[in-house]
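Colleague: I should like to learn how to read several features of a model of this kind. Could we take them one at a time, with the general idea before the case?

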Amino acid sequence: MDTWRPSFASVAVLGLGLLVLRSIVRTLRPSLFPPGPPRLPIIGNLHQIPRTAPHIRFTEWNRTYGEVVGLLVFGQPALVLGSHRAVREILEKRAATSSLRPRLVMVEDVCQIGKFASLNSDMDLHKHYRRMFAHALGSRAVQTYWPIQMREMRRAVLEMLGATDDAAWLVCVKRAVASITSQIVYAYDAKTEDDAFIAKVTRILRSVEKTARPGEYIVEGLTFLKQLPTWFPGAGFKREGLRIKQDCRWLIDEPYDDVKQKLVAGEAAPCFVSNLLQDESGHFIADMEEEERVKWAAGVLFGGGTDTTVAAIQMFLVAMLLFPNVQKNAQAEMDRVIGKDRLPSLEDRELLPYCSALLQETLRWNPVVPLCIPHVLTQDEPYDGYVLPRGSIVIANSWALARDPAVYPDPEAFKPERFLAPDGKTLTSGEDGREVFGFGRRVCPGNYLAEASLFAFVCTFIWAANLTGSPEWDGAVPEFEGGIVNRPIHIPADIRPRTSHSQSLLKSTVLE
Ligand code: HEM
């Protein structure tokens, strides 16, 4: 007797049918779901979510519907958190049930790169990663990297003084930031801007970022498509996934093996990887499982740290363009405290409260990660009379938080003073513009490192350079672009040395 065998077409039709049914049932959500914009059958709110700058639309919705906005996309509930209270209540106080990442088909099944710490949804593995990060990137540990950060950022500013436009500055800044990360993670020093290793890693991590971008792959909605064979017409995402999988294996193995070989030969310089692999007397201590964890933890640091830090430096430059008085005030503080005969360094941070506040204001004023990387709820959670359903994707709207007038009066204005105590000498406590680093158990583990890199750049730039609008600039606010990371498209400005003395002192320090 013939037995019935499911064909691909029958599986596809069944899958699609179930999806439609689920979408219809969920579109008729009970009233305990938080309010949000009206939805269409099946697709829900999909058509209202813009591909560019969704944080602006989300912020409008937070203002219209409340601090927790409920959305549905193909039956998948999503919550947009638009207040400090909502973020504290849901992502911090209830971190035990709101710290996982959503399980993405492209990440987990197609590319099999779910072990990257920023993407992984296995809480036990995540705890291991966070211990490693705390060990290597905690507030005290990062101080050992300050000399690397100062050296690279001074070099970046010096190179920028000789570069013609913002595209050329970007090359200098990117090289410096990538080199800081590669030295800290693998003790690898990228000396030129076209370093082949950094270029390859950057290309791979771009494609990794794409796999996690909401709405990028149809297979996230129509999950049954993951069953398509690689050769099947329309299964380009599977071929792309295979390539990303192979690239990522290279990314996590190659630089790691290099450090390990040096370690065994007794030649490894201290770095994130070598520190985690040896005990105090230099003996190799990791078993295979631990080695695998160290590889994935190291690999993700490039992805997390590079684009974000570069974009924050670009935002600082935009702020200097739009708010020349702030630049003048910072230069005045620099001249008063540091003077002309030596360069500032990270050790001077407490002596330079205005410049420190200027950095906090840069992070707040135009958050480079305006929508935090999504979390997911692992159980139903009551909130303000609503029920936030298990399985909901939770997006903290850092942009809305940073623009909340109740917390930051006159939020559009760029005012470093908002972070200064009345004496003008110390930073205020309370909200400190750090919403951009995320929340709860997923808060960015690189935040101390990032802030040190940024301050190293800001203090050197303020001391050595002066930024003014270029002749072509018409006074308009530059436009911004980006998926996860928000960055200016073009900065119409000129950068000149403040004095010839400052330029030659900077040059001699960099060449030392
Ligand atoms: C201005 C610079 C940076 C910004 C704005 C930033 C922002 C963020 C944000 C918003 C998250 C998600 C937090 C959440 O889910 O709640 C995150 C996660 C992460 N960041 Fe950063 N980051 C920056 C620099 C760095 C640096 C320098 C590193 C490391 C070298 C780094 C490594 C990571 C990692 C590994 C994660 C994943 C954490 C996890 O899922 O547990 N970041 N970052």
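Modeller: Let us begin with exposure. A residue is called buried under 20% relative accessible area, exposed over 50%, and partly exposed in between, with a 1.4 Å probe and protein chains only. This is a predicted model, in which local features need pLDDT of at least 70 and side-chain atom pairs count only at pLDDT 80 or more, while totals for chains, interfaces and linings use all residues. Residues are numbered from 1 along each chain as its sequence is written, and side-chain values use heavy atoms, with hydrogens and water left out.

Colleague: Is Cys355 buried or exposed by that rule?

Modeller: Cys355 has a relative accessibility of 0%, so it counts as buried. Cys372, at 11%, is also classed as buried.

Colleague: How many disulfides does the model contain?

Modeller: In general, a disulfide is a covalent bond between the sulfur atoms of two cysteines. The criterion here is a pair of cysteine sulfur atoms within 2.5 Å, and by this rule the count is zero. Cys355 is in no disulfide, its nearest cysteine sulfur being that of Cys459, 7.5 Å away. For Cys372, the closest cysteine sulfur belongs to Cys444 at 9.6 Å, which is too far for a bond.

Colleague: Which protein atom is a donor to the iron atom of the ligand?

Modeller: Donors are N, O and S atoms within 2.8 Å of the metal (3.2 Å for Na, K and Ca); water is not among the atoms, so sites may look incomplete. Here the protein supplies a single donor to the iron, the SG atom of Cys444, at 2.3 Å. An unreviewed UniProt entry places the feature "binding site" at Cys444. UniProt positions follow the numbering used here, feature names are shortened, and annotations may be inferred rather than shown by experiment.

Colleague: Where does Cys444 lie, and what does it touch?

Modeller: Helices (H or I, at least four residues) and strands (E, at least two) are DSSP runs numbered from the N terminus. Cys444 sits in the loop between helix 15 (398-402) and helix 16 (447-464). Contact means heavy atoms within 4.5 Å; not counting residues up to four places away in sequence, Cys444 touches Arg130 and Phe437. Its relative accessible area is 26%, so Cys444 is partly exposed.

Colleague: What else is found in the loop between helix 15 and helix 16?

Modeller: Phe419 is located there, and at 3% relative accessibility it counts as buried.

Colleague: How does the span of helix 12 agree with its number of residues?

Modeller: The expected span of a helix is 1.5 Å times one less than its number of residues. Helix 12 (residues 288-322) has 35 residues and should therefore span 51 Å; its end C-alpha atoms are 53 Å apart, which agrees. Of those 35 residues, 28 are buried, so helix 12 is largely enclosed by the rest of the structure.

Colleague: Which residues have the most contacts inside the largest nonpolar core?

Modeller: A nonpolar core is a set of buried Ala, Val, Leu, Ile, Met, Phe, Trp, Tyr and Cys residues joined through side-chain atoms within 4.5 Å. The largest one has 126 residues, and those with the most contacts inside it are Ile113, Phe116, Phe272, Val273, Phe457 and Phe461. Helix 12 gives the most to this core, with 19 residues. Apart from it lies another core, of 17 residues, including Leu81 and Phe439. Beyond four places in sequence, Phe457 touches several residues, among them Ile313, Phe316 and Leu317.

Colleague: Is Gln149 buried or exposed?

Modeller: Gln149 is buried, with a relative accessible area of 0%. Gln149 belongs to helix 7 (residues 146-161), and its contacts beyond four places in sequence include Leu346, Leu449 and Ser453. Val201, in helix 9 (residues 196-211), is likewise buried at 0%. With its neighbours within four places set aside, Val201 is in contact with Trp250, Leu251 and Phe302.
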